[in-house]
Amino acid sequence: MSRQNFAHVAEQPMHSNVNLQDIGSRTSVPTSATIKRRINFDEPEGRLKGGAAAPTSAAETTRVQDETQVQDETVEVGSPSRKIRIWQKSLRYTKIGILLFCWLVIAFCLIGSHESETDAYMLTVTPGNATYYGIDAHSHENNLALTMTGAFKMSSFKLDPSSSQFEKDGTPFLGVTLRRTSKSTNKQVNDSLIQRYPIWGEKMDRVDLSTYDVLMENVDLDCDVYEYHIVFFTNVNESLGLEIHIRTTRFTKYLGTVLGIVLLVVIYILLIFDLVHRALAGIIACTLGIGIMGALHMKPDLTTILSWVHIDTILLIFGISIIMGIMAETGVQDYLAATGYELAYGHIWPMLNVLLVTAFTLAIFYNNVMIALFLTPICLRMSEVMVLSPIPVLICLIIATNVGSTLTPMGSLSNYLIANSPFLPSGNIGPPTFILHMLPATILAAAQSYVHLRVQFINSDKMRDTHTAEVSLKRQIRLWDKAATTVGDISLNEREYHKTVSARARALKKRLKRLGKMPEPRSDFREQLQKLRDHFDVQRKEFIIICCVSLTVVLLLFSLHLYTNLIHASVGWIAILAALLTLSLINLEGLERVISRIDWGTMLFICSLCILMNVLKELALMTSIGSGVGQYISSFDKDNALMVAIITILWLSALLTCILDNLPVADFMMQVIVTLSGDQNLPLNPLVWALALGCSLGGNGTLIGAMSNIACAGVANSHGISFTFIDYFKKQENIVSEPRNKKTVDCGSVVEKEVALDAKFACCQERRPSRYRY
């Protein structure tokens with residue numbers, strides 16, 4: 001069977017002898033660029049997203065239009081009942097009403113609020129004397145927010161800022177209170193409790209600066225009757241320089257925690273019920289969060305909001321997507337899928353064994369986001385060829401990449417952030433040390449995951465796609481609709497193209513409604529599988545060589561960045577350099593095809609997720625969680641504190657990763673464990689390993705648990721496979737939940753055995769101060 005004839009199978013009418021089960025497994029549905037090439041007859045033949053070639057004859061376009069017209073005239077589908085139509089209308093209007101309500105709330109909050117002032121004031125607190133700073137407050141706001149930057153030490157869960165324990169212990173501190181003075185009698189009264197914060201007692205001009213956020217709640221600010229001053233005093237014999245930001249606000253810690261939970265509920269409702277695209281759900285949630293901050297007089301400026309985006313992740317996905325898009329032009333991913341099917345002799349588990357081992361091994365050396373972008377198209381193609389449901393296969397890929405990336409700092413972005421955290425007192429954690437401590441837990445987690453997968457799918461027919469025809473048609477409809485929406489109707493050619501694509505989409509929708517009402521056509525699946533090798537051939541081998549060279553450069557630069565001090569570029573810039581190298585060597589003319597393969601929706605969703613997580617920090621949700629954990633662990637005696645801390649950090653980081661994402665959880669929990677280590681005099685390294693395991697393995701919990709999960713879902717959706725939050729959760733409930741519990745127990749045992757080794761060189765030393773107060 002020739003390439004063009006093979007690609008034309010998807011265009012055959014419903015009454016032909018081609019089995020619909022074979023359509024999804026033998027062809028790639030044309031994208032918008034492919035269909036446009038059918039009308040622009042002078043354009044040379046190109047590759048589809050999955051690697052198939054596009055037919056370019058003028059007769060093909062005429063045949064598609066004629067076939068569509070015939071189907072539109074002949075197909076008669078019974079209309080749904082009146083109750084179903086009313087129910088569908090009700091659901092549609094309900095969704096529109098919810099989204100409109102969210103828009104009204106966002107618009108009201110954003111339009112009616114101004115950005116918080118960022119003017120900084122400098123002052124010096126002298127020993128033995130109180131320093132007064134006058135403020136102008138508004139009577140309608142009863143809370144005062146103060147941000148102080150200076151020579152502060154790490155915060156503590158043991159010492160309450162409002163207690164007098166600092167004076168009893170002789171701990172160096174800075175005291176802050178709000179004092180009001182009557183304009184008529186000059187009588188001075190403290191309007192808030194005195195809050196104390198630990199500072200360095202000596203050499204304060206040589207320590208790292210850190211920031212404390214102070215919130216004075218329920219203070220009566222009446223500038224008509226009183227004058228208000230913030231009073232600073234200290235018990236050290238050196239002058240203390242401070243940079244302060246003062247603003248009045250409606251924010252309280254309790255209110256911020258409640259609103260943070262509401263934001264999480266909103267985004268999860270949008271994701272679970274699939275009300276909107278996940279990128280739009282993220283934008284709605286983060287914009288609503290910024291609007292809430294504006295209503296509380298905490299609205300950040302645009303520069304601050306952009307600084308919340310994890311730009312390294314965006315650059316990494318962008319750079320690797322360009323390389324993967326160029327590699328798709330060669331058809332090498334289709335070739336690898338056909339090769340895997342041939343080596344597995346058509347059996348499911350030999351194919352999955354190859355997939356799991358490959359994903360696990362590559363995730364050790366490369367970032368798991370990169371592995372997801374590379375292997376997801378191969379998994380989709382193998383699922384089509386073997387008539388499998390792609391969701392379980394993709395979940396197996398996600399589990400393998402997340403478990404494999406646990407071993408090294410370069411394996412995942414959360415591990416990279418933990419190993420290079422500025423809160424580590426002894427500097428960065430080297431890759432040999434990281435691998436040595438994570439190896440036992442990684443082996444146990446991999447073995448347990450594989451055994452449970454084999455038990456779960458001991459009958460491999462569970463992975464078969466029992467609704468292949470329906471799934472194939474739905475996939476084609478999504479891709480043809482996407483192709484119709486990506487082109488305008490300005491010129492005559494574009495208008496004709498848009499009309500043809502829209503007609504094809506309508507015909508497929510009518511064909512979908514007829515499923516089950518006509519006898520199934522005969523199946524010739526086995527005969528067609530013998531011709532896969534002829535169809536999935538490799539083109540432009542020089543492109544493959546260049547892409548492999550670029551990926552080798554990525555691995556080399558990553559290694560030099562982690563193992564030596566020769567490379568100071570971040571992972572995002574390394575990916576951009578590799579993409580520029582690939583484009584420079586290839587000098588591709590049709591760059592638009594490559595750019596069109598970049599999943600902009602996934603990148604937008606990640607940006608919105610990063611902003612949302614920082615909004616939750618500003619609303620004190622993270623602070624409340626950290627304070628609760630710290631006080632819980634601090635309540636145990638010293639003999640049991642280490643065991644309780646390891647188990648708590650392991651479980652809490654895994655659960656928070658399932659709900660939020662492993663990047664913000666790793667950043668936030670690093671501050672918690674450093675503070676715990678200082679309070680309880682615990683060795684820090686066991687807590688670091690527990691956090692790394694929790695963030696990596698917890699990423700298997702939900703679709704947004706890890707960046708690689710989001711990247712995998714984005715690639716699947718761009719190929720027409722609906723991979724939603726609820727789809728992942730339903731399959732994951734049986735595949736991941738039980739082994740995750742066992743992996744947690746096994747990993748906890750491994751960490752406990754390493755405590756004795758860590759205690760020899762991880763005793764608490766002089767620590768860098770924390771940036772945030774809990």
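**Inside the largest cavity**

Author: The largest cavity holds about 200 Å³ of space. What you see is a predicted model, where local features need pLDDT of at least 70 and side-chain atom pairs count only at pLDDT 80 or more, while totals for chains, interfaces and linings use all residues. Residues are numbered from 1 along each chain as its sequence is written, and side-chain values use heavy atoms, with hydrogens and water left out.

A cavity here is a set of points, on a 1 Å grid over the protein atoms alone, where a 1.4 Å probe fits but cannot get out. Grid points are joined across faces, edges and corners, and the volume is the space filled by probe spheres set on them. Searching the whole structure turns up 11 cavities of 30 Å³ or more.

Who lines the largest one? There are 14 lining residues, with Met 324, Pro 377, Arg 597, Val 715 and His 719 nearest the centre; a lining residue has an atom within 4 Å of a point. Five of the lining residues are nonpolar, six polar and three charged (Ala, Val, Leu, Ile, Met, Phe, Trp, Tyr, Cys and Pro count as nonpolar, Asp, Glu, Lys and Arg as charged, the others, Gly among them, as polar).

Three helices, H10 (311-330), H13 (368-385) and H29 (707-718), each supply at least two lining residues, and H10 gives the most, with four. Helices (H or I, at least four residues) and strands (E, at least two) are DSSP runs numbered from the N terminus.

Now look at another pair of helices. H12 (residues 348-365) packs with H14 (residues 390-404) at about 35 degrees, their axes 7 Å apart. Axes are lines fitted to C-alpha atoms, for helices over the stretch in contact, and angles run from 0 to 180 degrees between N-to-C directions. In their contact (heavy atoms within 4.5 Å), H12 uses residues including Leu 352 and Phe 360, and H14 uses residues including Val 393 and Gly 404. This contact has 12 nonpolar, two polar and no charged residues.

Finally, visit the strands. Four of them form an open antiparallel sheet, in the order S1-S9-S3-S7; two strands pair if DSSP finds at least two bridges between them. S1 (121-125) and S7 (210-216) are at the edges with a single partner strand each, so one side of each has no neighbour in the sheet. On average, neighbouring strands there are turned by 30 degrees against each other, direction ignored. Seven bridges join S3 (residues 143-150) to S7, and Ala 145 has Leu 215 in S7 as its bridge partner.

Definitions and conventions. 1 Å grid on protein atoms, 1.4 Å probe; cavity = no way out; pocket = protein on both sides within 12 Å on 5 of 7 lines; lining within 4 Å.
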